[in-house]
Amino acid sequence: MAKATVVSAVVAAAVTAAAFLLNPSPEQHRTRIKEAIAERNQLAGVLGIGEITAFISTYHPLGVASYTTVNDRTVSVGAFGMVFVRQPSQDKE
């Protein structure tokens, strides 16, 4: 039983260390935002909407993960070297 506990602790430490090391940088978030907007809408890509959104986004590191916001809305989230850009919300406020 003690061996299993040690192995679990080592694996947990390794995964946590990997998460810290692979946390996406602000530039990785901005690059993925530009790409995602251009993929979703060709006109937005041509007009540079992705460039503008990426430029005005604010990066928030959490150590093992990160995210970006624009006007208090989460635009992208990232962890383990991957960045996911959220779909724009259709909700009207």
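Reader: What makes E2 and strand E3 (residues 73-79) a pair?

Author: Two strands pair if DSSP finds at least two bridges between them. E2 and E3 are joined by 6 bridges, so they pair, and they run antiparallel. The names come from DSSP runs, numbered from the N terminus: helices are H or I with at least four residues, strands are E with at least two.

Reader: What kind of model is this, and how are residues numbered?

Author: This is a predicted model, with residues numbered from 1 along each chain as its sequence is written. Local features need pLDDT of at least 70, side-chain atom pairs count only at pLDDT 80 or more, totals for chains, interfaces and linings use all residues, and side-chain values use heavy atoms, with hydrogens and water left out.

Reader: What is the mean pLDDT of the chain?

Author: pLDDT is the predictor's confidence in each residue, from 0 to 100. The chain has a mean of 92, and 94% of its residues reach 70 or more. Confidence is highest in E1, at 98, and lowest in helix H3 (residues 42-47), at a mean of 91.

Reader: What makes strand E1 (residues 58-61) and strand E2 (residues 65-70) a pair?

Author: The same rule asks for at least two bridges. E1 and E2 have 4, so they pair, again antiparallel. Tyrosine 59 stands opposite threonine 68 in E2. The hairpin of E1 and E2 has 3 residues between the strands, and there glycine 63 takes a positive phi near 90 degrees.

Reader: Which residue has a positive phi in the hairpin of E2 and E3?

Author: Asparagine 71 does, in a hairpin with 2 residues between the strands. Its phi is near 50 degrees, a positive value in a residue other than glycine.

Reader: Is asparagine 71 buried or exposed?

Author: Buried means under 20% relative accessible area, exposed over 50%, partly exposed in between (1.4 Å probe, protein chains only). Asparagine 71 has 70% relative accessibility, so it counts as exposed.

Reader: What does phenylalanine 80 touch beyond residues up to four places away in sequence?

Author: Contact means heavy atoms within 4.5 Å. By that rule, phenylalanine 80 touches Val15, Ala18, Ala19, Leu22 and Pro24. Phenylalanine 80 and leucine 21 are 59 residues apart in sequence, yet 7.9 Å apart in space, C-alpha to C-alpha.

Reader: Why is asparagine 23 called buried?

Author: Its relative accessible area is 16%, which is under 20%, so asparagine 23 is buried. It is found in the loop between helix H1 (2-22) and H2.

Reader: What does the side chain of asparagine 23 reach at 3.4 Å?

Author: It reaches the backbone oxygen of glycine 63. A polar contact is a pair of N or O atoms within 3.5 Å; within protein, one must be able to donate a hydrogen and the other to accept it, and residues adjacent in sequence count only if both atoms are side-chain atoms.

Reader: Which polar contact joins threonine 69 and histidine 60?

Author: Their side chains meet at 2.9 Å. Threonine 69 is in strand E2. At 13% relative accessibility, threonine 69 counts as buried.

Reader: What makes up the largest nonpolar core?

Author: A nonpolar core is a set of buried Ala, Val, Leu, Ile, Met, Phe, Trp, Tyr and Cys residues joined through side-chain atoms within 4.5 Å. Here the largest has 8 residues: Ile33, Ala36, Ile37, Ala44, Ala54, Val70, Val75 and Val85. Helix H2 (residues 26-40) gives the largest share of this core, 3 residues.

Reader: How do you know that the buried residues of helix H4 (residues 49-56) are on the same side?

Author: They are Gly50, Thr53 and Ala54. They cover an arc of only 95 degrees around the axis, so they lie on the same side of H4. The arc is that of the directions from the helix axis to the C-beta atoms. What covers them includes H2, H3, E2 and E3.
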